[in-house]
Amino acid sequence: MSAFSQGGAGGRITAALRDATIAAAVAFGLFVVMVGLRTDVSPTGALVLRERWTEVAMLCALVFAGRLVVTLWGLRPQSLGQSPERAAAMARAGKLFAPLLLAAALVLPFVPGIGRYELDLGILVLTYVMLGWGLNIVVGLAGLLDLGYVAFYAVGAYSYALLAQYFGLSFWICLPLAGILAAFWGILLGFPVLRLRGDYLAIVTLAFGEIIRIVLLNWVSLTGGPNGMSGIPRPTFFGLPFNMSGEPGTFAGFFGIEPDPVHRVVFLYYLILGLALLTNWVTIRIRRQPIGRAWEALREDEIACRALGINVRNTKLTAFALGAMFGGFAGAFFATRQGFISPESFTFIESAIILAIVVLGGMGSQVGVAVAAIVMIGGFELFRDLEEWRMLVFGAAMVVIMVLRPRGLVGSRTPTIALGEKRAIGAGHVSEGRG
Amino acid sequence: MAYALQQLINGISLGMIYGLIAVGYTMVYGIIGMINFAHGDIFMVGAFVALIAMVMLVSGGIMDGPAAILLVLAISMAFTALYGWTVERVAYRPLRGSFRLAPLISAIGMSIVLQNFVQVSQGARPKPIEPQVIGGIELMREGEFVVQLSYMQMLIIGTTLAALVVFTWLVTKTPLGRAMRACEQDRKMANLLGIDTDRTISLTFVIGAALAAVAATLYLLRYGVADFFMGFIVGVKAFTAAVLGGIGSLPGAVLGGLLIGLIETFWSAYFSVQYKDVAAFSILALTLIFLPTGLLGRQDVEKV
């Protein structure tokens with residue numbers, strides 16, 4: 001502070017240098033043990049220490065430089081109260097942006113140079129877009145903090161795998177069943193816990209997610225336990241399987257085209273795109289209906305809702321069930337795409353990633369969720385070469401994005417209903433609900 | 001009977017460890033109203049610092065015995081406290097006054113960062129250490145079955161009680177404790193009355209992390225292994241304990257920790273080990289349904 005009162009660039013630089021020195025000292029404290037001394041298991045089984053002082057010095061220098069840059073060029077958090085003008089401009093841009101994004105998604109498989117790898121990545125991103133939109137119903141619209149969303153994803157995936165394995169049902173019959181079963185689980189979980197407030201709800205949903213995973217892991221006779229379930233049937237094009245034989249009964253044979261393994265990938269791509277768009281369409285439509293308005297009202301003020309005679313319990317349950325249903329669809333899709341599922345795919349970290357996508361997308365903004373999924377999952381793939389470092393980068397990115405843009409990437413949205421003309425408002429005006 | 005007594009001893013010593021971590025959760029929740037998701041990973045970092053210090057002291061032949069354990073404890077507390085401080089400074093302080101989910105996401109991000117930082121810097125393999133505290137005293141004998149209170153369990157219970165006594169004194173008798181309680185009641189008002197709230201919150205994280213380091217050192221000595229993922233499940237259970245006891249209530253956290261430890265131990269002893277976590281979480285759900293504010297939690301009066 002005193003450096004500022006002296007004024008001038010010199011004082012500012014001195015202060016920044018002092019600040020950076022403190023940061024480097026803290027970094028030294030953080031890294032001297034955890035990085036400087038590496039424990040290795042020696043062949044005899046005992047632990048031996050390996051010293052790595054150069055790395056510690058490098059890290060401290062890095063922190064020093066980083067802190068200096070941040071103080072001097074001032075990366076500051078974006079203020080919460082975004083001006084309405086800017087929000088309106090963003091909304092106009094968003095109006096153009098969403099159709100463009102959709103068009104790009106629709107033509108992606110036919111763009112030259114898009115191979116199997118890119119399509120697989122597209123499928124992965126779209127799966128997270130769909131999960132994000134599904135969770136958005138619960139967290140973004142109804143304001144219920146759900147940390148166990150992956151449980152419904154798991155229920156959907158295992159529903160399809162089990163129904164196909166034990167009853168031989170096809171994907172197209174199992175898809176709605178998986179959704180219904182997941183919705184049923186959503187109600188089952190939701191019923192007792194909806195009396196809970198905010199963070200209590202969060203921890204119970206987290207616990208529920210873990211319970212489902214532990215049961216899947218230990219019920220070996222039904223689910224195969226940690227070995228998972230393999231040989232899950234691949235989807236068919238309305239009864240026409242994808243294979244390389246080119247016989248009349250297959251997709252390629254029926255349409256008289258050359259069999260190509262990419263056909264199935266393209267089909268899966270459009271399948272998940274369709275499912276994701278269905279989620280989006282249902283959400284947008286429901287937001288205009290009484291139940292959707294009740295959700296948003298509930299997010300803003302639960303007590304007012306009670307006073308107005310809204311049935312809070314049923315409103316919350318429908319949000320839970322609907323969100324769970326889309327999670328179940330996505331799960332069934334995941335199972336058919338992978339052909340193999342195991343409890344490892346349904347850990348807490350998945351729930352955290354989906355929630356991060358919703359929050360980074362700007363809570364309740366449909367386009368925002370899509371953008372956040374592309375940024376997070378696509379970015380995660382970009383850092384593929386970093387191997388074990390990429391999860392570190394991923395976590396750090398979550399922190400940095402939150403610190404710089406606490407309202408998410410798309411920080412504005414149009415109110416669903418308004419008196420007179422609709423105007424975009426800053427996200428700062430939208431409460432996040434205390435559910 | 002003897003078997004049950006042994007489980008009681010095991011359960012209490014495990015529950016003490018959960019209780020220590022739960023205090024960290026409940027303190028942070030009480031003071032800034034957020035779930036500090038990275039707390040479980042702070043515990044994990046504490047275990048690694050203790051592990052490294054232990055290897056350095058004991059395998060290096062510098063010292064061993066009680067003095068070494070005490071020194072390891074002190075080293076772990078100091079470095080882990082620094083981690084606690086840094087996490088708050090980097091990931092939570094910039095988001096103070098922001099909307100409620102932002103610090104939660106930032107905390108989850110921080111938890112991922114800490115886990116993977118340790119994985120990168122220390123390797124993914126579990127690190128075993130040799131047991132340092134061996135033996136115990138025989139309490140009773142029933143046929144073949146011997147009920148034993150091991151020295152390790154005595155160490156856990158003794159250290160935890162000492163840490164809790166110091167902590168209680170800190171919260172109830174010192175100016176810092178008064179400032180913490182003031183911040184918990186009304187942060188804005190405390191600030192107006194001249195309390196440096198940022199500093200108080202930082203110190204809350206430091207104390208929470210130091211308690212987690214005590215728990216981590218004891219856990220490491222008791223179970224003899226550390227890995228980068230150990231913080232998650234222990235953290236979730238400690239948070240469950242905090243919620244069970246009524247989040248924001250310090251005695252509640254310890255009580256909740258003891259209950260979770262006992263439930264887990266007895267469930268593993270009499271039913272199945274695989275489903276012990278299911279038991280702990282189900283108890284949590286049931287408690288919350290019937291006692292939505294936990295065992296010792298205050299009923300919030302909501303003003304409109």
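Guide: A:Arg293 counts as partly exposed because it has 17 C-beta neighbours inside 10 Å; the label buried takes 20 or more other C-beta atoms within 10 Å, exposed takes 12 or fewer, partly exposed is in between, and C-beta atoms are placed from the backbone. Mind that this is a predicted model, where local features need pLDDT of at least 70, side-chain atom pairs count only at pLDDT 80 or more, and totals for chains, interfaces and linings use all residues. As for labels, residues are numbered from 1 along each chain as its sequence is written, while chains are lettered from A and ligands numbered from 1 in the order in which they are written.

A:Arg293 sits in helix α12 of chain A, residues 290-300 (helices are DSSP runs of H or I with at least four residues, strands are E runs of at least two, and both are numbered from the N terminus). In that helix, the buried residues are A:Gly292, A:Ala294, A:Trp295, A:Glu296, A:Leu298 and A:Arg299. Those buried residues of α12(A) pack against α5 (116-141), α11 (262-287), α13 (302-307) and α14 (312-338) of chain A. If you want a sense of distance, A:Ala105 is 188 residues from A:Arg293 in sequence and 30 Å away in space, C-alpha to C-alpha.

Elsewhere in chain A, strands β1 (residues 37-41) and β2 (residues 47-51) pair antiparallel over five bridges; pairing takes at least two DSSP bridges. A:Arg38 has A:Arg50 of β2(A) as its bridge partner. The two strands make a hairpin with five residues between them, and A:Gly45 in the turn has a positive phi of about 100°.

Now hop over to chain B. Where chains A and B touch, the contact takes 55 residues from chain B and 50 residues from chain A (contact means C-beta atoms, placed from the backbone, within 7 Å). On the chain B side, α2 (39-59), α3 (66-92), α4 (101-122), α9 (230-245) and α11 (276-290) each supply at least two residues.

B:Asp41, B:Met44, B:Val45 and B:Phe48 of α2(B) make the contact with B:Ser111, B:Leu114, B:Gln115, B:Val118 and B:Gln122 of α4(B).

Definitions and conventions. Two residues are in contact if their C-beta atoms, placed from the backbone, lie within 7 Å.
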